[in-house]
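Open your viewer, get ready to select residues, and follow along stop by stop.

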Amino acid sequence: EVLNNPSIRAALGRQLLFSLIVLLIEIPLGIGIALTMPRRGPWVPVCLILLALPLLVPWNVVGTIWQIFARPDIGLLGRLVNGLGIPYNYTGNPLHAWLTVLVMDVWHWTSLVVLLCYAGLQAIPDAYYQAARIDGASRFAVFRHIELPRLKGVLLIAVLLRFMDSFMIYAEPFVLTGGGPGSSTTFLSQLLTTMAVGQFDLGPAAAFSLIYFLIILLFSYVFYTAMVRLGRAEG
């Protein structure tokens, strides 16, 4: 009966779509950035500190920063985009609101993927690269046959963490758009909070909260099983 609620179905669809797009953007982008980072030298701590900065910003502050940054009247991003002749307004256009929320999440959380991938790359023994140089392997061949296979476990962890976090996203879009315009950026966590706290409709909110939990638990179990099997295969 809960799933027959059109608002819940729409919010669940938006939530799944958001998580899918976030993973498709942040995982490849994180791998690419990690591959370009220096492995040794004085620039290593500088890069690591710069990458860690977005992760230190609280979630509600991230929404506030982007709320000001993307405003079409005073925000740097909003004025820049409008200056290019694009009528950008995330408070009135659902597509612009979606893109702004996505860019905000990419800015905030891609660093986590980068740091995980960088740690995985640092753990690869130099002997693999020396053998590749002796064989005359191209850069792509090194990535395809050496780096990517050694990053499988790290990437599974990254996908699991990013899926869980993106699927439970609440503070950032709530502060940035308030779920609007209309309900275009109202994700499942926001809808359930509104139902339980705002409307005091505790029955449906509690019922779908359990479904919400089971969805996350199912995906976590799938990724955990994949990680265990990968570890046994490598062992």
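Before selecting anything, learn one set of words: a residue is buried when its relative accessible area is under 20%, exposed when over 50%, and partly exposed in between (1.4 Å probe, protein chains only). You are looking at a predicted model, where local features need pLDDT of at least 70 and side-chain atom pairs count only at pLDDT 80 or more, while totals for chains, interfaces and linings use all residues. Residues are numbered from 1 along each chain as its sequence is written, and side-chain values use heavy atoms, leaving out hydrogens and water.

How many salt bridges does the structure hold? There are seven, each being a side-chain nitrogen of Lys or Arg within 4 Å of a carboxyl oxygen of Asp or Glu.

**First stop.** Select arginine 40 and aspartate 126, a salt bridge whose closest N and O atoms are 3.0 Å apart. Arginine 40 sits in the loop between helix H1 (6-36) and helix H2 (43-56), and aspartate 126 in helix H6 (residues 126-135), so the pair ties together parts 86 residues apart in sequence. Helices here are DSSP runs (H or I, at least four residues), numbered from the N terminus. Arginine 40 is exposed at 61% relative accessibility; aspartate 126, at 40%, is partly exposed.

**Next stop.** Now pick arginine 139 and glutamate 147, joined by a salt bridge of 3.1 Å, N to O. Is glutamate 147 buried or exposed? Glutamate 147 is buried, at 0% relative accessibility, and arginine 139 is partly exposed at 45%.

**Last stop.** Select aspartate 105 and arginine 162, whose side chains form a salt bridge (2.6 Å, N to O).

Methods
Helices (H or I, at least four residues) and strands (E, at least two) are DSSP runs, numbered from the N terminus.
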